[in-house]
Amino acid sequence: MDFELPEEYRSFRDMVRRWIDKEVPKEWARALEKDEHNYPFALWDKFTEAGFHGVGIAEEYDGQGGDVVMQMLLARELARSLGGLAWIWGITSFAGSKSIGLYGSAEQKAKYLPLIATGQLKAAIAFTEPGGGTDLLGAMATTADRVDGGWKLNGEKIWSSSAHVADYLLVIARSDRTVEKKHQGLTLFWVPTKTPGVKITPLAKLGMRSMGSCSVHFEDAFVADDHVLGEPDKAWYMLLPTLNNERIMVGAFCLGVIDGVLEDALDYMKQRKAFGGIIGRFQSLQHYVADIATMQKTTELMLHYCADKQSRGETVGVEANMLKLMASENANAAADMGIQILGGMGYSAETDMQRYWRDSRLWRIGPITNEMVRNGIAESLGLPRSF
């Protein structure tokens with residue numbers, strides 16, 4: 001049992017941390033977020049120049065290599081400064097390189113992975129149904145019907161982040177309406193956003209600004225057979241391993257937010273003066289940072305446990321859910337305490353605490369609600385399904 005990262009990982013983490021402080025400091029992240037109606041292409045380009053889009057992609061596809069542990073180290077460091085803007089990297093990493101890498105054909109990997117690794121291709125996820133939320137399977141109304149040479153998609157997806165600038169959408173749709181169980185008869189599509197019949201509309205929201213979230217309408221949108229990922233009608237079985245990866249990535253982003261919150265809280269408490277001295281001497285505020293530091297360490301341990309376990313090919317479904325639950329609630333609680341420590345300045349758009357709070361609030365809802373996560377954990381312990 002060894003809780004220390006090997007030297008290779010520590011060197012990578014330290015390199016990314018230095019790059020973050022130099023290239024994407026918090027004040028720049030605040031400026032990007034304030035310009036919420038414009039996608040931060042400059043941030044995407046910085047990731048491209050640094051080679052981050054290639055982390056987790058094999059060198060044979062022009063990638064940087066690296067396993068899930070290295071990806072999560074990157075995710076954590078990005079979120080320390082960028083908060084929710086770290087998804088600018090994360091969405092394509094999940095929807096593109098992870099998905100194509102796992103269930104793409106040899107031809108699809110050869111065509112798309114080099115484009116992703118070199119920053120030439122942006123992807124977005126189009127899974128959630130307007131009336132469904134976490135009930136993805138029960139609410140699946142988007143359909144895919146066989147036609148000559150491919151499929152016709154009809155339906156609507158919602159909360160598809162960065163879809164308005166993406167080149168491809170990772171879409172799940174019902175391709176067989178005669179199945180007995182909801183998880184059967186689903187197919188995964190790699191849909192070009194310029195396809196006729198695809199309409200993308202940006203949505204306003206509380207946090208995760210400037211990267212944009214959208215609704216996506218499909219009206220007889222034709223998708224060729226070579227844009228199907230994996231075997232038709234078997235999408236759900238393929239997706240489960242990557243859904244665990246997404247939960248681990250959310251845990252890493254949440255930990256990065258906790259890092260940023262603690263960093264800013266300590267800095268403010270050592271400088272801000274009130275009632276004759278620095279506010280860092282107040283016991284109540286010390287208790288807040290003690291709680292935040294404890295959240296940081298417990299989240300870190302669970303993250304590394306899950307990432308290491310998945311990197312070795314072990315089953316990690318329940319643990320990934322536990323991580324997502326704990327990390328999202330810790331991050332949001334830490335940001336809330338951070339606002340309290342900074343007082344009025346914590347509520348101000350001139351600091352990052354309010355940004356950390358708004359962005360981390362989403363992770364208690366998506367990619368799966370924490371209530372549903374708790375249901376799944378309880379069911380794994382032998383209790384009956386509660387929904």
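With which residue does R80 form a salt bridge, and how far apart are the closest N and O atoms?

Author: R80 forms a salt bridge with E263, and the closest N and O atoms are 3.2 Å apart. R80 lies in helix α4 and E263 in helix α7, so this pair ties together parts that are 183 residues apart in sequence. A salt bridge here is a side-chain nitrogen of Lys or Arg within 4 Å of a carboxyl oxygen of Asp or Glu. Helices are DSSP runs of H or I with at least four residues, numbered from the N terminus.

Some notes on the source come next. This is a predicted model, in which local features need pLDDT of at least 70 and side-chain atom pairs count only at pLDDT 80 or more, while totals for chains, interfaces and linings use all residues. Residues are numbered from 1 along each chain as its sequence is written, and side-chain values use heavy atoms, with hydrogens and water left out.

The two partners differ in cover. R80 counts as buried because its relative accessibility is 7%, whereas E263, at 36%, counts as partly exposed. Buried means under 20% relative accessible area, exposed over 50%, and partly exposed in between, with a 1.4 Å probe and protein chains only. The structure holds 24 salt bridges. Those that share partners join R17, D21, K26, E77, R80, E263 and D264 into one network.

Now to helix α4 itself, residues 68-82. Its 15 residues should span 21 Å at 1.5 Å a residue, and the end C-alpha atoms are 20 Å apart, which agrees. The expected span is 1.5 Å times one less than the number of residues. Helix α4 is mostly covered, with 15 of its 15 residues buried. At the N-terminal end, D67 caps α4, with a side-chain oxygen 3.2 Å from the backbone nitrogen of V69. Just after α4, G83 takes a positive phi of about 60°.

Leaving aside neighbours within four places in sequence, F253 is in contact (heavy atoms within 4.5 Å) with several residues, among them A75, A79 and W87.

How values were computed. Helix = DSSP H or I, 4+ residues; strand = E, 2+ residues; numbered from the N terminus. Polar contact = N/O pair within 3.5 Å; in protein donor to acceptor, adjacent residues only side chain to side chain.
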